[in-house]
Amino acid sequence: MRLTSEFWVSAFMRRIRQADGFAYLVRRGAMEAGAIFIKIRDRDGHFDLYMPAPQSEYDPERADERRFILYKQSDDEQLLNEQLEKELRFDPDLWLVEVEDCTQAAELLNSGL
């Protein structure tokens with residue numbers, strides 16, 4: 001059984017804090033199955049935006065796990081925010097978590113909870 005979006009986000013944020021990073025919930029989406037987007041800011045001011053992986057990226061034997069792919073990278077946060085606005089118009093139930101100062105954030109995304 002797949003974890004709800006709310007549970008997954010809570011667990012992911014806890015793992016970021018355990019790795020001495022900072023994570024905060026920018027937007028709460030649909031509790032059960034809202035798409036989750038993760039924006040990571042590194043210490044140099046570079047941003048990575050991750051989105052749910054397409055179905056073709058899933059392992060059939062582990063279909064209950066959430067997978068993420070790198071969607072956009074930029075040094076300009078405004079460009080990423082504009083892309084997120086487009087995604088919100090398409091899917092108003094999405095979740096957005098922002099992460100700062102966590103070198104392990106990308107690894108934690110696809111490590112399973």
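How many helices and strands make up the secondary structure of the protein? I counted three helices and five strands, taking helices as DSSP runs of H or I with at least four residues and strands as E runs of at least two, numbered from the N terminus. Along the sequence I read the pattern α-β-β-β-β-α-β-α.

I note that the model is predicted, with local features requiring pLDDT of at least 70, side-chain atom pairs counted only at pLDDT 80 or more, and totals for chains, interfaces and linings using all residues. Residues are numbered from 1 along each chain as its sequence is written, and side-chain values use heavy atoms, without hydrogens and water.

**Overall burial and contacts**

I looked up burial next (buried is under 20% relative accessible area, exposed over 50%, partly exposed in between, with a 1.4 Å probe and protein chains only). Buried residues account for 37% of the 113 residues. For contacts (heavy atoms within 4.5 Å), I took residues at least 6 apart in sequence and found that 69% of these contacts join residues at least 24 apart.

**Salt bridges**

I searched for a side-chain nitrogen of Lys or Arg within 4 Å of a carboxyl oxygen of Asp or Glu, the definition of a salt bridge. The count is three.

I recorded Glu6 with Arg28 at 3.4 Å, N to O. Glu6 belongs to helix α1 (residues 5-18) and Arg28 to the loop between β1 (22-27) and β2 (36-41), so this pair ties together parts 22 residues apart in sequence. Glu6 is partly exposed, at a relative accessible area of 30%.

I then recorded Lys39 with Glu77 at 2.9 Å, N to O. This pair links distant parts of the chain, strand β2 and helix α2, 38 residues apart. Lys39 is buried at 2% relative accessible area, whereas Glu77 is partly exposed at 29%.

Lys39 also forms a salt bridge with Glu98, the closest N and O atoms being 3.2 Å apart. Glu98 lies in strand β5 (residues 95-100) and Lys39 in strand β2, so the pair joins parts 59 residues apart in sequence. Both Glu98 and Lys39 are buried. I noted Lys39, Glu77 and Glu98 as linked in a network of salt bridges.

**Glu87**

Which helix holds Glu87? I located Glu87 in helix α2 (residues 77-90). Glu87 is buried yet has no salt bridge, and Lys72, the nearest side chain of opposite charge, is 8.0 Å away; here Lys and Arg count as positive, Asp and Glu as negative, and His and the chain ends are not counted. Leaving out residues up to four places away in sequence, I found Glu87 touching Phe37, Tyr71 and Leu94.
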